[in-house]
Each structure stands twice: as C-alpha cells, then as structure tokens.
Amino acid sequence: MAILPIVCIPDPILRETSTPVETFDAELKTLIADMFETMYDAPGIGLAAVQVGVPKRLLVIDLQEEDDAEGKPVKDPRVFINPEVLEESDSFVPYKEGCLSIPDQYADVMRPDRIKAKWQDAEGDWHEGEIEGLLAVCLQHEIDHLNGVLFIDHLSRLKREMLLKKLAKGRKDGTITM
C-alpha cells in the first residue's frame, strides 16, 4: 500500500466528471487500498479517486466513529463504486464540511439527511440501501467530487470567496501546506 498525493484546488482535474469503473481487478483493489491508506493518513473520513488524480467513479468512506467502551475510533471502511443517489429526503440538515482537496477550510452545507443509493463493491456486485446521518452527508459530498462539484459550490458566492481568500492567505503565510 502507498500514500498517494492528494490533488488540491485549483487543479482542474477536480472539475472533471469521473468515468465509470468497468474493470474489477487487482489494480482496482490496489487503488482502493492506497486510497484508504491516504485517507487515514490525511486524516479524513472520505476520499474520491479523482482527489488522488484518478478520475474514476470510485470513493472510500470510513466515519471512524468512536467506540463508547474505550473512546477509540472504530474502523468501518466502505467502498462505493459507480454510486448513484436514487432518492433524497425532503428534509435537509446543515453539516460543517471540510475537504482534503481544500485543506483546513470548513463551512456549513445543507444536504438531504436521508438518501437511497445504489453502488457496486470491489467485486462488482450491486448494492442498494437507505442511508442517513453523517454517512449520507459524506456519500453525497464524495459523489459530488465524481461529478466535478466541490462543497464550496454549495455556498453563497460571498462565503465561497471568503473561504478561498482565507485559503490563499494560509498558503502564502505557510499556515496551510499542501
């Protein structure tokens, strides 16, 4: 396994629409393993393949929610290949989102709190399910990446510009590294 470099804005690959995964082979499984290692190292809870320079419809998620008994993160790695949102709830929730491709920047984004989705696993088998809470928010965020959309695109123009100025200032003064 390897830690891959994470692509950051303004790299134009982040605006590309990713192509479907068609081959489920050892190379794909290696990419998935490398993506998990990269995500854990960053650290993050979700990573789309395009964020490591591979514009394929693949993403990994691990919410790493705390174990009540010991307070340690419990790993629950999930792979979503060729994911699609089939239905969205009418109720939206705000969630403070961040992104490994937009380091150290966070903003509240409104998203449906429940979705119905379908996806393939690493073997190519299809799954469908109702997803809610943080997993629903994270899955929608990562699917946006597959469609060339960033979380900042859900913000007002003023909030987006303020966030990008803050990012540029952090890069300039060295408080934000990439």
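**Sheet first.** I started at the pairing of strand 1 with strand 2, which is antiparallel and runs over 3 bridges. One of the pairs I looked up is Gly46, whose bridge partner in strand 2 is Ile61. A reminder to myself: this is a predicted model.

I found 5 strands in an open sheet, ordered 1-2-3-6-7, with antiparallel pairing. Strand 1 (46-48) and strand 7 (126-132) are the edges, each pairing on one side only. From one strand to the next the twist averages 40 degrees.

**Helices against the sheet.** Helix 1 (residues 26-41) packs on the sheet and touches strand 1, strand 2 and strand 3 (78-88). I get about 40 degrees between the direction of helix 1 and that of strand 2. Helix 2 lies across strand 1, strand 2, strand 3, strand 6 and strand 7. Against strand 2, helix 2 runs at about 150 degrees.

**Cores.** Next I looked up the nonpolar cores. The largest has 31 residues, and Leu59, Ile61, Ile102, Ile131, Leu139 and Phe151 have the most contacts inside it.

Helix 2 gives the largest share, 6 residues. There is also a second, separate core of 16 residues, with Ile32, Leu47, Leu58 and Ile81 among them.

I checked Phe151 by itself. Leaving aside neighbours within four places in sequence, its contacts include Cys99, Ile102, Tyr106, Val109, Arg111, His141 and Leu163.

**Annotated site.** The unreviewed UniProt entry has a "binding site" annotation on Cys99, His141 and His145. These are spread over 47 residues of sequence but cluster in space, with a largest C-alpha distance of 10.1 Å. Cys99, His141 and His145 are in the lining of the largest pocket.

Are they buried or exposed? His141 is buried because its relative accessible area, 7%, falls under the 20% cut-off. His145 has 1% relative accessibility and counts as buried too.

Not counting residues up to four places away in sequence, His141 touches Glu97, Gly98, Cys99, Arg111 and Phe151. On the same terms, His145 touches Leu14, Glu16, Ala48, Val50, Gln51, Cys99 and Leu150. I noted that Cys99 is touched by His141 and by His145.

Note on methods:
Residues numbered from 1 in each chain as written. Predicted model: local features only at pLDDT ≥ 70, side-chain atom pairs only at ≥ 80, totals over all residues. Heavy atoms only, no water. Core = buried A, V, L, I, M, F, W, Y, C linked by side-chain atoms within 4.5 Å. Buried < 20%, exposed > 50% of the residue type's maximum accessible area, 1.4 Å probe, protein only. Helix = DSSP H or I, 4+ residues; strand = E, 2+ residues; numbered from the N terminus. Contact = heavy atoms within 4.5 Å. UniProt positions renumbered as here; feature names shortened; annotations may be inferred. 1 Å grid on protein atoms, 1.4 Å probe; cavity = no way out; pocket = protein on both sides within 12 Å on 5 of 7 lines; lining within 4 Å. Pairing = 2+ DSSP bridges. Axes fitted to C-alpha atoms, helices over the stretch in contact; angles between N-to-C directions.
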